[in-house]
Amino acid sequence: MPMQNEGSSAKVITEERESKPVGLARAFKRPTATTGLVGWLTTVDHKKIGIMYGVAALFFLIVGGIEALLIRMQLAVPNSELISAQLYNELFTMHGTTMIFLAVMPLGAAFFNYIIPLQIGARDVAFPRLNAFSLWTFLAGGIFINTGWILNMLPAIDKAVPKIGWFGYANLTSAEFSGIGTDFWVFGLQILGIASIVAALNFIVTIINMRAPGMTMMRVPLFSWMVLVTSFLIILAFPAITIALACLMMDRLFGTGFYEPVFGGQPILWQHLFWIFGHPEVYILILPAMGIVSEALPTFSRKPLFGYAIIVFSGVIIGVLGFAVWAHHMFTTGLSTIAKTAFALATMAIAVPTGVKIFNWIGTIWGGQIRFTTPMIFALGFIWMFMIGGFSGIMHAAAPADGQQHDTYFVVAHFHYVLIGGSLFALFTGMYYWIPKVSGKMFSEKLGKWVFWTMFAGFNITFFPQHFLGLGGMPRRTYQYDADMGLNTWNMVSTIGAFILGIGILLFFYHLVMMLRKGAPSGNDPWDGRTLEWSISSPPPEYNFAAVPMVTSRDEYWARKMIPEKKKLIENEKPEKSIHMPSPSWFPMIVSIGILIGAYGMAFLKSGYSFVGLGTLFWPIVGLLIITAGIYGWAFEGPGGYHLHPEEEEGSGGYRKKEPSDKSK
Amino acid sequence: MFSSSSTTRKIAWLTGLPLLLLLLSGCSGYDPMAWLRDAPQSTFDAKGPVAEQQLQLFYVTLWVTAFIFVTVGSVLAYATFRFRQRPGDADKPPPAQTHGHPIVEISLIAAAVLLLVIIAVPTVRAIYDIYELPDDEDMLVIDVTAYQWWWAFEYPEEGVTTANEIAIPVGRKVKFNLRTFDVIHSFWVPKLGGKIDMIPNRDNWLWLQADEPGQFWGQCAEFCGESHANMKFRVFAYEEDQFQEWLEHQRSDAVDPEEELAVEGKERFQGRGCLACHTIQGHDAMGLAGPDLTHFGSRVTLGAGMVENTEENLVRWLRDPDGFKPGNLMALDQNVQNLTDEDIAALTAYLKSLQ
């Protein structure tokens with residue numbers, strides 16, 4: 001909570017609430033609405049921000065999924081003419097970029113936002129307005145990087161969609177070999193990087209500083225622990241790609257030669273910088289997933305996590321080692337034998353802490369009472385699929401064998417097992433596990449199982465055959481393959497599987513809508529949960545905890561339910577009379593809009609298009625001015641605040657404050 | 001909860017069915033994986049020492065990880081089944097809240113490390129066998145230069161220049177010097193060995209050897225732009241004497257066309273400006289932007305390994321290079337766009353005559 005004289009700020013806000021903004025000069029008067037459109041646009045509530053992250057991520061999951069289905073349609077038969085080479089290259093570039101940066105990462109961020117403060121007994125994140133800024137900047141990046149699809153429809157602009165692969169290897173990205181699409185990709189990733197780094201800093205400070213009293217680091221729930229590790233990975237890994245992208249931008253716009261062979265530049269430099277970011281990025285995608293599974297397995301086995309400490313340290317070790325294995329993406333670039341040996345062994349070493357997690361998950365369910373709820377079967381499915389993805393990862397670590405596998409469909413199969421079978425299945429675990437908390441509604445188990453088995457079948461039918469395709473000699477990123485390459489049957493099977501997977505995900509959306517519209521009330525604790533988020537109402541009140549809990553053990557809520565002495569703790573915790581809440585603000589979004597405008601200006605700088613001031617420094621300067629003004633406004637408006645009074649609302653449903661914003665979900 | 005009898009039946013099916021299929025395939029001689037060896041770019045059909053060592057290493061990783069998968073998977077499956085909640089469990093007190101077991105945990109870590117060592121040892125050995133240049137005076141050197149989207153091959157010692165199709169001698173080690181001047185490509189002949197990238201400003205190389213005669217497919221494995229999928233090549237492994245014959249033929253100048261249409265084609269090749277980009281040794285064509293066509297007629301493929309080198313395909317190629325191979329340089333050329341049907345017929349006859 002912001003440290004300040006709460007009384008006076010509350011008074012200020014009260015005055016503001018009475019005065020109505022008039023005219024442009026007062027348009028950015030501190031907003032007070034907590035409902036309606038303005039309420040959502042100006043919110044600093046981590047729960048609303050989490051929901052918006054989730055909705056945006058699911059939207060981009062559909063976008064990336066459609067791109068994937070188009071790719072699979074093209075590959076269903078050999079020498080297909082359905083999609084042109086150029087469109088195909090655009091599709092796989094945008095599919096990868098979208099799924100990684102706009103679907104899986106933000107879906108994880110949705111849980112970071114919504115769940116972390118609830119798990120650690122906090123009332124919000126450390127920097128609520130900065131949190132809103134992360135959301136709007138992420139959305140700006142998502143819109144920006146997809147702009148090309150719309151621009152391509154205009155007759156004046158051609159090739160506005162990047163077609164360089166999600167890895168953007170230099171020097172195919174140079175001004176000589178690629179067009180404005182690459183600029184959209186460069187600035188789009190920079191924007192998304194800002195959003196990620198800011199969010200990561202916010203979560204590090206939140207998890208370290210805002211834990212409830214008594215919650216020592218070794219009592220922090222595993223999901224929160226993994227988010228802490230992930231956040232450190234983000235702030236250490238993203239600068240590498242930020243620098244790589246800055247150099248690329250300079251090459252493209254200002255004629256430097258970092259990656260330009262004719263100027264003595266080194267295209268290989270890009271690969272090192274990219275994978276120093278790119279490999280930790282894999283763990284950025286998988287560690288939160290492991291965290292989610294480590295929450296669901298104990299709950300549905302009615303046992304604590306087996307080997308909590310060793311799972312935490314494994315996560316940390318994976319995070320550290322994750323920075324020491326990047327060159328295993330580059331085994332075919334002509335590294336020295338020493339480098340190959342070192343990176344091969346380091347990569348094998350990282351399998352150990354990963355294996356430890358799997359052993360301990362099995363240890364967790366061993367001796368338990370396993371309830372096969374939808375989140376639980378997704379978690380179990382995760383373990384199976386992640387094992388397969390992990391094993392093909394070990395195969396890649398054998399550098400000479402990787403010489404055959406690299407850049408084939410074997411690799412495509414491998415990382416989809418890790419990212420769909422791993423990350424996405426875990427995120428579905430998380431959605432089924434926590435959405436009853438978020439919405440206060442319960443879903444139908446029957447349909448949930450249909451969703452799981454359709455996705456599980458579709459996923460395996462799609463990607464298992466791709467192991468064979470890759471070893472059978474099918475390179476990645478090829479828009480056609482010959483009929484006589486022996487690859488026809490399994491490509492067709494893979495395409496059929498992709499559509500089954502698509503139906504599974506469609507079914508999930510239907511299930512989600514049904515749950516939100518017709519679900520029975522979930523109650524505070526539908527799963528017999530173990531961590532603090534289950535101790536409060538569903539959905540939680542704006543201030544989360546009417547009384548900040550005093551934490552005495554690892555699975556605090558479980559302990560309170562099971563151990564009689566601890567039950568008394570609850571009685572001693574009296575709701576606070578008056579809880580200080582941070583005020584909403586327009587400025588985070590204004591700064592993000594400034595970034596968006598500036599980025600458009602920069603992308604068009606050397607494009608040769610010169611309408612509405614594009615192609616000049618006009619729009620970048622406008623963007624910069626908006627950013628500057630926004631930051632000033634942000635600084636001078638102060639944290640603000642108002643007070644809520646839990647006890648007064650007790651009559652209307654326990655500690656739960658009625659949230660009219662439920663309607664707009 | 002399902003009843004125990006139906007559960008048993010399910011388990012019987014789940015384990016029995018794959019076993020039954022395996023048994024059936026074994027008895028009938030039907031090999032469902034045969035296609036995987038027969039595929040022209042299959043990594044399971046190693047035809048040289050490099051590919052063979054890589055395949056053996058792959059099998060080591062496969063068996064070790066399969067062993068772990070079966071072991072860990074069985075325990076996971078057993079635990080999932082054995083510790084499922086049974087009717088009435090919900091009313092009983094919760095299971096023992098055990099937090100871990102240090103000895104079990106540490107021994108599992110030790111087992112994992114041990115299994116990884118089984119993979120690590122042959123890995124390191126293979127790295128040094130494959131990625132160090134063997135000391136061999138007999139080694140043939142071929143300079144490969146990759147372009148968007150075709151391959152130039154030079155035999156510096158033998159004085160041979162060709163494109164998209166090469167020959168190597170059986171049983172001799174070949175060092176490929178891998179160069180590129182545009183973007184990154186990757187040189188890959190799956191049946192002979194794994195790929196090595198070609199990166200601007202970087203001198204990469206790769207050694208391979210074919211142990212038996214044959215035709216091996218190769219393909220660019222690093223995304224290199226619009227027609228990346230259409231950047232292929234062929235390697236022919238010949239016995240030594242046949243290889244020497246091939247070299248001799250490649251060194252010779254292009255044959256003079258005799259057929260009337262082909263003679264006409266030779267003139268048009270010059271008149272339409274084809275010579276600005278292509279070399280035809282002995283026919284006053286010395287362009288370097290496109291593939292060397294001196295012995296084009298003797299090649300089995302067209303368009304960098306894309307299709308069979310037939311008259312019909314050649315006509316299609318000349319008529320619409322961009323439709324054939326999207327983004328390629330030839331499609332941008334005004335002269336090519338203005339080719340008439342007569343031009344194409346004559347050029348086809350000429351090019352096919354370049355045996």
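## Chains A and B: a quick briefing

In this predicted model, 70 residues of chain A are in contact with 74 residues of chain B (contact means that C-beta atoms, placed from the backbone, lie within 7 Å). Local features need pLDDT of at least 70 and side-chain atom pairs count only at pLDDT 80 or more, while totals for chains, interfaces and linings use all residues. Residues are numbered from 1 along each chain as its sequence is written, with chains lettered from A and ligands numbered from 1 in the order in which they are written.

**The A–B interface**
- On chain A, helices 4 (85-119), 8 (267-301), 9 (308-321), 10, 11, 12 and 14 (445-471) each put at least two residues on the side that touches chain B (helices are DSSP runs of H or I with at least four residues, strands are runs of E with at least two, and both are numbered from the N terminus).
- Helix 10 of chain A gives the most to that side, with 14 residues.
- By type, the residues on this side of chain A come to 40 nonpolar, 24 polar and six charged (Ala, Val, Leu, Ile, Met, Phe, Trp, Tyr, Cys and Pro count as nonpolar, Asp, Glu, Lys and Arg as charged, and the others, Gly among them, as polar).

**Helix 4 of chain B**
- This helix covers residues 102-131 and spans 42 Å from first C-alpha to last, close to the 44 Å expected for its 30 residues at 1.5 Å a residue (the expected span is 1.5 Å times one less than the number of residues).
- Its buried residues include B:L108, B:L115, B:I119 and B:Y131 (buried means 20 or more other C-beta atoms within 10 Å of the residue's own, with C-beta atoms placed from the backbone).
- Those buried residues pack against helix 10 (337-365), helix 11 (374-397) and helix 12 (399-405) of chain A, plus helix 3 (49-82) of chain B.

**The sheet in chain B**
- Five strands of chain B make an open, mixed sheet in the order 3-2-1-5-8 (strands pair if DSSP finds at least two bridges between them).
- Strand 3 (160-163) and strand 8 (204-208) of chain B are the edges, each with a single partner strand, so one side of each has no neighbour in the sheet.
- Strand 2 (residues 150-155) of chain B runs antiparallel to strand 3 of chain B, joined by four bridges.
- B:E154 has B:T161 in strand 3 of chain B as its bridge partner.

**Chain A overall**
- Chain A has 20 helices and four strands.
- Of its 665 residues, 60% count as buried.
- The C-alpha atoms of chain A fill a box of roughly 75 × 65 × 45 Å along the principal axes.

Methods. A residue is buried if 20 or more other C-beta atoms lie within 10 Å of its own, exposed if 12 or fewer, and partly exposed in between; C-beta atoms are placed from the backbone. Two residues are in contact if their C-beta atoms, placed from the backbone, lie within 7 Å.
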